[in-house]
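Here is a briefing on one predicted model. Look at the sequence and the structure first, then read the points below.

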Amino acid sequence: MASTAKRHPTLQPSLLHHDSGDSSDPAAKQMFSFLRDSDEIPQNNPKLKAHAVKVFKMTCESAVQLREKGEVVVKETSLKYLGSVHLKNGVVDPHFQVVKEALVTTLKAAIGDEKWSHELEGAWAHAYDQLAAAIQLEIKQEAAAAVAA
């Protein structure tokens, strides 16, 4: 997947850009623990880029699973880790929508309007939604376990 980013220089995380592309959203910047106290331009942050690649790879894996099995299954150890990290960093449900929109926007820009379609957008969005739902459920379970302890 990393080779895809090299072949398509436009495949860069667009998460923190407004539509104008010339400023970053302070509220979105607060979503990521590694950006909160940084004055660095978010798009230059290697941790944001690494996160974007992870989201892309996991969404690709989700798409393959949906096609082959009709469902998304994340390994329990991975899911526990993702739930724990996201809970610790204060990730809430609306953050997942922001990341989905950034993923779809980035993919559309990389693929180009000529090849992009509503069907393609729907497939990527569905794969991401299934992955996000699994992580969100784990966050809720982790939070409930922490309260019960």
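Leu 120 is partly exposed, at 27% relative accessible area. Buried means under 20%, exposed over 50%, and partly exposed in between (1.4 Å probe, protein chains only). The model is predicted: local features need pLDDT of at least 70, side-chain atom pairs count only at pLDDT 80 or more, and totals for chains, interfaces and linings use all residues. Residues are numbered from 1 along each chain as its sequence is written, and side-chain values use heavy atoms, with hydrogens and water left out.

**Around Leu 120**
- Leu 120 sits in helix H6. Helices are DSSP runs (H or I, at least four residues), numbered from the N terminus.
- Leu 120 touches Ile 111 and Lys 115, leaving aside residues up to four places away in sequence. Contact means heavy atoms within 4.5 Å.
- Lys 108 is twelve residues from Leu 120 in sequence, and their C-alpha atoms are 9.2 Å apart.

**The aromatic pair**
- The count is one aromatic pair. Rings of Phe, Tyr and Trp (its six-membered ring) pair if their centres lie within 6.5 Å; planes under 30 degrees apart count as stacked, over 60 as edge-to-face and the rest as tilted.
- Phe 56 and Trp 124 form a stacked pair, with 5.6 Å between centres and 20° between planes.
- Phe 56 lies in helix H3 (residues 46–69) and Trp 124 in helix H6 (residues 118–148), so the pair ties together parts 68 residues apart in sequence.
- Phe 56 is buried, at 11% relative accessible area.
- Trp 124 is also buried, at 15%.

Methods. Helix = DSSP H or I, 4+ residues; strand = E, 2+ residues; numbered from the N terminus.
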